[in-house]
There are 2 protein chains.
Amino acid sequence: VNAPDNLRHRVAAGEIAVRLTLQYDGSGFAGWQLQPRERTVQGELESALARLTDRPARVAAAGRTDRGVHAAGQVVSAAVPAKWQPAELQRALNAVLPSDIWVVDAGEADAAFHARFSAVARGYVYRVATTPAARSPFLRRWCWPLGRPLELAALDALAGELLGEHSFRAFAKAGQPERGERCTVHRSSWRAWGRRGVEYIIVANRFLHHMVRYLVGTMVAIALGQRGDGDLKALLAGGTPLETSPPAPPAGLFLARVYYPDDSIDEDTADAILP
Amino acid sequence: VNAPDNLRHRVAAGEIAVRLTLQYDGSGFAGWQLQPRERTVQGELESALARLTDRPARVAAAGRTDRGVHAAGQVVSAAVPAKWQPAELQRALNAVLPSDIWVVDAGEADAAFHARFSAVARGYVYRVATTPAARSPFLRRWCWPLGRPLELAALDALAGELLGEHSFRAFAKAGQPERGERCTVHRSSWRAWGRRGVEYIIVANRFLHHMVRYLVGTMVAIALGQRGDGDLKALLAGGTPLETSPPAPPAGLFLARVYYPDDSIDEDTADAILP
């Protein structure tokens with residue numbers, strides 16, 4: 001699937017389109033998107049590219065992660081001078097980028113490829129530390145440091161209710177764009193996160209703003225007995241005065257994987273990528 | 001075993017002695033020890049204690065970790081006003097300390113207890129990431145991001161040569177204090193660190209400056225075939241013109257555990273503590 005003509009990168013003569021896969025620790029960033037006077041991933045990446053190619057650079061990402069959210073498999077597209085072959089570009093970028101961003105992979109892409117508009121699905125992982133050691137500095141940076149036990153089977157049963165196509169209006173930050181609220185969830189499950197806690201995996205064709213964090217916040221509140229078992233289903237069905245629980249903290253959320261038309265969604269979203 | 005009289009804390013009337021167990025991410029500190037104009041763990045902890053108890057505070061640590069070195073089980077002793085019961089002190093400290101320091105445990109100690117002088121052994125863990133993903137921001141913060149395979153059996157055979165009492169003069173930074181160079185190694189072994197790499201565990205009665213990092217640097221160089229298999233033994237025996245390999249980077253090193261007279265050294269140093 002190619003990006004619509006008006007949304008393609010302009011790949012000029014003497015340029016090639018590249019596709020980069022990035023990991024970043026979101027702790028030190030005000031999110032992906034370029035903002036004045038804020039340290040953002042896009043800002044750091046565009047600065048590094050501009051420095052290497054000696055011209056202004058503009059990149060597009062598959063998912064515009066929020067402040068504090070991490071990426072294990074963000075995909076980025078850009079047009080660069082053809083003399084920068086992807087493998088060389090990857091090495092050079094990793095040499096100049098700060099240590100909280102890492103280019104995992106780089107390859108030449110079709111000129112019609114656009115990291116965001118060509119994507120057909122995205123996978124997120126959300127980690128909750130349930131051990132008493134949740135507040136350890138070696139855990140809390142990249143998780144929700146809950147520090148209380150959660151019943152995995154109960155969470156996983158809730159997650160199963162989200163599979164398929166639904167309106168996720170109840171699980172979106174106010175002020176959504178007008179693209180509609182329906183999302184198709186291909187995968188939604190909880191599993192053990194080593195000895196440290198539990199993790200939620202969701203793959204869907206699209207996501208509303210803060211949707212994963214609202215879903216996790218609500219599922220965890222139900223699992224802790226703070227609200228009724230039926231609330232998730234009621235919120236999903238709509239027409240209820242119920243509201244979601246507060247969104248789970250951003251530090252637990254990872255954009256794990258972006259899927260393009262040739263990718264199989266059956267593959268494991270998290271295993272190959274997250275440590 | 002009690003600390004010698006002249007090295008004890010002064011526990012005044014109306015005070016109790018406390019023993020704290022700390023974890024910290026060494027990345028953001030110029031080491032443990034108080035230094036002017038540098039962010040140190042001791043500085044942060046003493047500031048937090050002074051703020052809570054409204055008087056100047058002085059603490060002593062079992063191991064004065066270097067810049068960039070982490071702790072999973074650092075032990076600290078101090079005298080505090082008796083109205084601060086240990087559990088309350090732990091909660092209050094965790095509320096005011098920055099998120100890269102965490103008080104795991106707190107208890108009242110005998111007035112003769114001194115975190116450093118009462119200790120009979122210390123255990124360190126050193127982690128080396130050997131996967132191609134070693135440079136991931138989710139790995140490199142707390143490891144040596146080597147990114148090349150290492151043969152575990154070869155490393156473990158080398159580690160076994162260090163058991164027992166030896167002079168470790170060859171594995172110490174120049175300018176050691178005059179307390180001698182002999183150390184007794186109770187445990188020295190390598191094992192798998194999940195899918196991410198390998199980790200070295202060493203427990204000894206004492207350590208010279210940078211000793212673990214020189215040992216790891218030299219063992220890894222041998223395992224990579226960069227120097228001879230016999231070099232470790234030759235360096236340990238002394239009287240050789242050989243020198244150690246460069247010290248392994250500080251980010252891989254964790255002070256994992258401190259042992260006092262009642263503790264068994266057979267227990268696993270790392271499992272219970274490190275994520």
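Predicted model: local features only at pLDDT ≥ 70, side-chain atom pairs only at ≥ 80, totals over all residues.
Residues are numbered from 1 along each chain as its sequence is written, chains are lettered from A and ligands numbered from 1 in the order in which they are written, and side-chain values use heavy atoms, with hydrogens and water left out.

Let us start with the fold of chain A. You will find five helices and 10 strands in chain A; helices (H or I, at least four residues) and strands (E, at least two) are DSSP runs, numbered from the N terminus. The C-alpha trace of chain A spans about 60 × 40 × 35 Å along its principal axes. Chain A has a radius of gyration of 19 Å, in agreement with the value near 19 Å for a compact globule with 275 residues. That radius is taken over C-alpha atoms, and the globule rule is 2.2 Å times the number of residues to the power 0.38.

Next, look at the inside and the surface. Of the 275 residues in chain A, 54% are buried, where buried means under 20% relative accessible area, exposed over 50%, and partly exposed in between (1.4 Å probe, protein chains only). Taking contacts in chain A (heavy atoms within 4.5 Å) between residues at least 6 apart in sequence, 70% join residues at least 24 apart. The accessible surface of chain A is about 12,000 Å², and carbon and sulfur atoms hold 48% of that area. These areas come from the Shrake-Rupley method with a 1.4 Å probe; for residues, only the protein chains shown count as cover.

Now to the salt bridges. In one of them, the side chains of A:Glu15 and A:Arg55 meet at 2.8 Å, N to O. This pair links distant parts of the chain, 40 residues apart: A:Glu15 sits in strand β1 (residues 15-24), and A:Arg55 in the loop between α1 (41-53) and β2 (60-61) of chain A. A:Glu15 is buried at 19% relative accessible area, whereas A:Arg55 is partly exposed at 36%.

Another salt bridge brings together the side chains of A:Asp25 and A:Arg141 (2.9 Å, N to O). A:Asp25 belongs to the loop between β1 and α1 of chain A and A:Arg141 to the loop between β5 (121-129) and β6 (144-145), so this pair ties together parts that are 116 residues apart in sequence. A:Asp25 is buried, with a relative accessible area of 3%, while A:Arg141 is partly exposed at 25%.

B:Glu15 is in strand β1 (residues 15-24) of chain B and B:Arg55 in the loop between α1 (41-53) and β2 (60-61), so the pair ties together parts 40 residues apart in sequence. B:Glu15 counts as buried at 18% relative accessibility, and B:Arg55 as partly exposed at 37%. Back in chain A, salt bridges that share partners join A:Arg39, A:Glu44 and A:Asp100 into one network.

Methods: Salt bridge = Lys/Arg side-chain N within 4 Å of Asp/Glu carboxyl O.
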